[in-house]
Amino acid sequence: MSKQTETVRRMTVPQITRRKGKSPIVSLTSYHAHTAAIVDKHVDFILVGDSLGMVMHGMDSTLGVPLDLMIMHGKAVMRGTSKALVVVDMPFGTYEESPEVAFRNAVRIMKETGCGAVKLEGGAQMAPTIRFLVERGIPVMAHIGLTPQSTNVMGGFKTQGRDRDSWQSHRDDATAVTEAGAFAVVLEGMVEELAALITKDIAIPTIGIGASVECDGQILVLEDMLGMNAWTPKFVRVYAELGPIIEDAVSRYADDVRNRSFPAEAEVYR
Ligand code: KIV
C-alpha cells in the first residue's frame with residue numbers, strides 16, 4: 001500500500017470521485033519512473049495504461065501485453081511518484097474469465113506495485129466483476145466506448161456513437177459500471193453528444209480520451225501529446241514535438257562520435 005507520509009501524499013480514490021461536477025480531473029499515462037516524476041507534479045492521477053505495449057514495446061495492439069509487464073511498469077511509476085493516484089490497467093485475458101480470476105490478478109497488481117486502483121475495459125458485461133472487486137477492497141476505474149482490447153470484435157479503432165441507435169447501450173454500460181461501484185469511467189473515442197449525455201446520467205466522473213470537453217476530466221497518452229509517435233490521432237493536442245528533437249540529438253551525437261569530437265577535453269577524467 002502506498003504510504004501517506006510527509007513526502008508521499010497521494011490523491012485518493014474518493015477525492016477523484018468527489019471532483020465530479022467541480023473542477024476538471026487531469027490525467028496522463030506514464031510508464032516509467034522518470035517521466036512519471038515529471039507528470040506527477042501536474043496531474044490528479046497517472047494511468048499505467050496497457051497502451052505501453054504499443055507505445056513502449058512496439059506491439060501492434062494491446063492484446064499481447066502480459067500481466068508481469070504491467071506490474072513492472074506499475075512499480076516503476078510508483079517509485080517515481082508521490083502525489084498522483086496511480087491506476088494500473090488490467091491487460092487482456094486477466095479479468096474477463098470470471099470475477100475470481102479478475103480478483104486474483106488485481107490483487108497481484110495492487111500488492112506488487114502498491115498502486116491505488118486498477119482499470120478494466122467493458123460495460124454492463126463487466127459490472128458483476130467490478131462489483132466483486134470493489135466489495136473486496138479493490139478500487140476500479142471502468143473504461144467504455146472504444147475499448148482497444150476488443151478491437152477485433154469492433155472491427156478496428158472505431159469512434160463510438162456515430163449511430164444514434166447505439167447510444168442507449170453505451171448509456172446502459174455507464175450506468176451499469178456506476179451501479180457496480182466503479183469510482184470513475186474512461187470514455188474513449190466517442191461522439192460529443194453521447195459523452196455529454198453519459199456525463200449527465202451518472203454520479204461518477206467521466207474521463208475523456210477523444211470524447212470531448214463534456215467529460216469531467218481528460219486523459220492523453222503522454223508520448224502522443226509530446227509528439228513522439230509517427231501518427232497522431234485527431235483528438236490529441238500535441239504540446240511538444242519531441243520526436244524531431246530526440247532525432248536531432250541522437251544524430252549529432254552519432255556524428256560527434258564518428259568524427260572523434262566526443263568525448264572532448266571537458267568530458268575526460270584526468
Ligand atoms: O492504455 C491506455 O493508455 C488507456 C488510455 C487510452 C485511457 O487505456
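Student: Which backbone oxygen does the side chain of His73 reach?

Tutor: A word on the source before the answer: this is a predicted model. In it, the side chain of His73 comes to 2.8 Å from the backbone oxygen of Tyr31.

Student: Where in the chain is His73 found, and is the residue buried or exposed?

Tutor: His73 belongs to helix α4, which covers residues 67–80. Buried means under 20% relative accessible area. His73 has 7% relative accessibility, so this residue counts as buried.

Student: Next, the rings. How many aromatic pairs does the structure hold?

Tutor: There are 2 aromatic pairs. One of them joins Phe103 and Phe132, with 6.2 Å centre to centre and 80° between the planes. Planes over 60 degrees apart count as edge-to-face, and this pair is edge-to-face.

Student: Which parts of the chain does that pair link?

Tutor: Distant ones: Phe103 lies in helix α5 (residues 99–113) and Phe132 in helix α6 (residues 127–135), 29 residues apart. Phe103, at 25% relative accessibility, counts as partly exposed, whereas Phe132 is buried at 18%.

Student: What sits over the ring of Phe132?

Tutor: The charged end of Arg136 does, 3.5 Å from the ring centre.

Student: How should I read the cysteines?

Tutor: A disulfide is a covalent bond between the sulfur atoms of two cysteines. A search of the whole structure here finds 0 disulfides. Cys115 counts as buried, at 5% relative accessibility, and Cys215 counts as buried at 9%.

Student: What about nonpolar side chains in general: do they tend to be buried together or apart?

Tutor: In soluble globular proteins, they tend to be buried together. In this model, the largest nonpolar core has 58 residues. The members that touch the most other members are Ile109, Val118, Leu120, Ile130, Val185, Leu187 and Ile198. Helix α4 supplies the largest share of this core, with 6 residues.

Student: Which residues does the second, separate core include?

Tutor: Among its 16 residues are Met11, Phe45, Leu47 and Phe183.

Student: Going back to Val185, which residues is it in contact with, leaving aside its neighbours within four places in sequence?

Tutor: Val185 is in contact with Ala142, His143, Ile144 and Val177, and also with Ile202, Ile204, Pro205, Thr206 and Ile207.

Technical notes:
Residues are numbered from 1 along each chain as its sequence is written. This is a predicted model: local features need pLDDT of at least 70, side-chain atom pairs count only at pLDDT 80 or more; totals for chains, interfaces and linings use all residues. Side-chain values use heavy atoms; hydrogens and water are left out. Helices (H or I, at least four residues) and strands (E, at least two) are DSSP runs, numbered from the N terminus. Buried means under 20% relative accessible area, exposed over 50%, partly exposed in between (1.4 Å probe, protein chains only). A polar contact is a pair of N or O atoms within 3.5 Å; within protein, one must be able to donate a hydrogen and the other to accept it, and residues adjacent in sequence count only if both atoms are side-chain atoms. Rings of Phe, Tyr and Trp (its six-membered ring) pair if their centres lie within 6.5 Å; planes under 30 degrees apart count as stacked, over 60 as edge-to-face and the rest as tilted. A charge sits over a ring if NZ of Lys or CZ of Arg is within 6 Å of the ring centre and within 35 degrees of the ring normal. A disulfide is a pair of cysteine sulfur atoms within 2.5 Å. A nonpolar core is a set of buried Ala, Val, Leu, Ile, Met, Phe, Trp, Tyr and Cys residues joined through side-chain atoms within 4.5 Å. Contact means heavy atoms within 4.5 Å.
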